[in-house]
Structure formats: structure tokens, C-alpha cells
Amino acid sequence: MNFPLILLILLIVTGSIWLLDIFFLKRRRAQDADEPWWVEYPKSFFPIILIVFILRSFLMEPFKIPSGSMIPTLLVGDFILVNKYTYGIRLPVINQKIIEVNQPQRGEVMVFRYPQDPSIDYIKRVIGLPGDIVSYRNKRLSINGEPVKMEFEGDYKYIESGLAYIYTQRFKEFIGENSYDILINLDTPDMQLAGIHHFPYRENCTFNRVGFTCKVPEGNYFTLGDNRDGSSDSRYWGFVPEENIVGKAFMIWWNFSDLSRIGMSIE
């Protein structure tokens, strides 16, 4: 379901009826006559739809985390807010940027339209900028030939799909001024070669069992999930085009299972 498109259609329909009533219908009604229902209801809902449309299209948008690919930063069931203007003002529905603001930076958590199915929203961490060479070998990340600093923080376990515990190790990773926690499962291979898709600029990457190296093409970004061995990300389906960007995730506003997470900032 394309909710932005539905919201835009509702806005146009209710707004048109509101304007039609102001400039035409109202003058033709008797002074003491009631508004017909098909005028009253659209006029009542139009201001609400307009406010929701502006907030959701240009300021912030709520999302729910459906999977564990960003554990431990984001948990399944987290409801988050995404800043829609940090990376530029975009026209709703077509997502065309009209005002430049900032560019995504390494280490930021970004929501974007999944390149292989733009009707689906994904959330991952930005690792590579246009022109960067990103390598991942033996569970260690390097950018432009420089190993990314990591600090071991201890063991970590979580439940996958409510069926079994997954035992991993937790590390803090440092990219530029950003630091964040990631999970690594030493019992799994660095790459699941059978899961690699065909994608644009696939020739920019080389893969083997111990990792990959990719050069990020201009106008694209490379993303990874914080749950490194439990994430489908740019390693498998390719780069994120600039036109697919939705916004920057910045806060957890609700979690039914853990109220202590409410109001947490997303690092």
C-alpha cells in the first residue's frame, strides 16, 4: 500500500470539496440549510489530513522496526521517528529532492526505499559514501584502506523469531565522530555467497567466503545492518541510490515490550 499516495489523494479530494463549497455551493444553499454529508465530512477532515500530510512529507515520519537486522541499536517492535528534511526537502510520493540540505554521513542510521522494491522501506547504517572503497574481511570492516576501530564489549544473546537464542559478541565500532554497537557471530561465515543478488554496479564489487570489497559509485551509498551476521544489506542487494533516501532515524518514540526505550536517541 502506497500510503503517501493515498494521503495525497485524500488531501486533493477533501481540499477540492472544501474550496468548491466556499466559492460555489455555499452561495447556492439556503441560509438556514444544513450542509450535505458529502460536504460536511470532507470539510471536517481536510485540516487534519493537511496537517498529517505536511508533517509526514516534510518534517518527520514514524516507522516500526520489523526485523532484528539492526540489533542491538534497534529492536524488533521499536517505533521510531525519521527526520525527513535532514538529507534535503523532497516532493512527496515521487521523492524528488527540491532543496539541498545535508548529505548522509558515515555512521548515521538511514531509512530508504529498498532498491529492488521501492515500495518497501529499509533501515540500515550508512558505511560508505560515494567514491569510498568498503572492505569486510574476517569480520573486520575497512574504509578506503583504513581498518575501522573496534572495541569488544562482551557477549550478547537475543531471541530470533521467538524460537531460539542466538549467541553473539558485542563490539563498539568507531567511524569518524560516530560510534555505535554491532553484533558479530563468530560461528557464521563472513558472506553467504548464495544470497548475493544481481544489482546495478555489481562489477564494482568482488566477493569470496571471507568477505567483500566494493567501490561505491557516485550518487550511491553503501549500508550495513548493525547485526552483521543477521542482516540483508548492501553486501547482498547492492548500493542505495540517492533518490531512494527517505530520511535519518533519530529517536525511538515507543516500544510496547520495553517502555524504558521510549525517548531513546538513535546513535
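Visitor: Hi! What kind of model is this, and how are the residues numbered?

Guide: Hello! It is a predicted model, where local features need pLDDT of at least 70, side-chain atom pairs count only at pLDDT 80 or more, and totals for chains, interfaces and linings use all residues. Residues are numbered from 1 along each chain as its sequence is written, and side-chain values use heavy atoms, with hydrogens and water left out.

Visitor: Thanks. How many helices and strands does the protein have?

Guide: There are 3 helices and 17 strands. Helices (H or I, at least four residues) and strands (E, at least two) are DSSP runs, numbered from the N terminus.

Visitor: And what does the C-alpha trace span?

Guide: About 80 × 40 × 35 Å along the principal axes.

Visitor: What share of the residues is buried?

Guide: Of the 267 residues, 44% are buried. Buried means under 20% relative accessible area, exposed over 50%, and partly exposed in between, with a 1.4 Å probe and protein chains only.

Visitor: What about contacts between residues 24 or more positions apart?

Guide: They account for 56% of the contacts with a separation of 6 or more. Contact here means heavy atoms within 4.5 Å.

Visitor: Let's go to the helices. How do H1 and H2 cross?

Guide: Helix H1 (residues 3–28) and helix H2 (residues 37–59) have axes that come within 8 Å and cross at roughly 135°. That makes H1 oblique to H2. Axes are lines fitted to C-alpha atoms, for helices over the stretch in contact, and angles run from 0 to 180 degrees between N-to-C directions. Angles under 35 degrees count as roughly parallel, over 145 as roughly antiparallel, 65 to 115 as roughly perpendicular and the rest as oblique.

Visitor: Which residues meet there?

Guide: On the H1 side they include Leu7, Leu11, Trp18 and Leu25, and on the H2 side Trp38, Phe46, Ile49 and Phe53 are among them. The residues of this contact divide into 17 nonpolar, 2 polar and 3 charged. Ala, Val, Leu, Ile, Met, Phe, Trp, Tyr, Cys and Pro count as nonpolar, Asp, Glu, Lys and Arg as charged, and the others, Gly among them, as polar.

Visitor: Where is Asp34, and is it buried or exposed?

Guide: Aspartate 34 sits in the loop between H1 and H2, and it is exposed, with a relative accessible area of 69%. From aspartate 34 to proline 147 the C-alpha distance is 72 Å, and the two are 113 residues apart in sequence.

Visitor: Switching topic: what is the strand order in the open sheet of 3 strands?

Guide: The order is S10-S11-S12, with antiparallel pairing. Strand S10 (149–160) and strand S12 (178–184) stand at the edges with a single partner strand each, so one side of each is left without a neighbour in the sheet. The twist averages 25° from one strand to the next.

Visitor: How many bridges join these strands?

Guide: S10 and S11 pair over 11 bridges, while 7 bridges join S11 (residues 164–175) to S12. Two strands pair if DSSP finds at least two bridges between them.

Visitor: Which residues are bridge partners?

Guide: Tyrosine 158 has isoleucine 166 in S11 as its bridge partner, and phenylalanine 171 has isoleucine 182 in S12. Glutamate 173 stands opposite tyrosine 180 in S12.

Visitor: What does glycine 176 do in the hairpin?

Guide: The hairpin of S11 and S12 has 2 residues between the strands, and glycine 176 takes a positive phi near 60° there.

Visitor: Which residues other than glycine have a positive phi?

Guide: Valine 93, with phi near 75°, and asparagine 95, with phi near 60°, are examples. Valine 93 is in the loop between strand S3 (89–90) and strand S4 (97–99), and asparagine 95 is also found between S3 and S4. Valine 93 is partly exposed at 23% relative accessible area, whereas asparagine 95 is buried at 9%.

Visitor: Where is the cis peptide bond?

Guide: It joins isoleucine 71 and proline 72, with omega about 10°. Proline 72 lies in the loop between strand S1 (60–64) and S2.

Visitor: Last one: what surrounds isoleucine 80?

Guide: Isoleucine 80 is in strand S2 (residues 79–83) and is buried, with a relative accessible area of 0%. Leaving aside neighbours within four places in sequence, its contacts include Phe63, Ile123, Met251 and Trp253.
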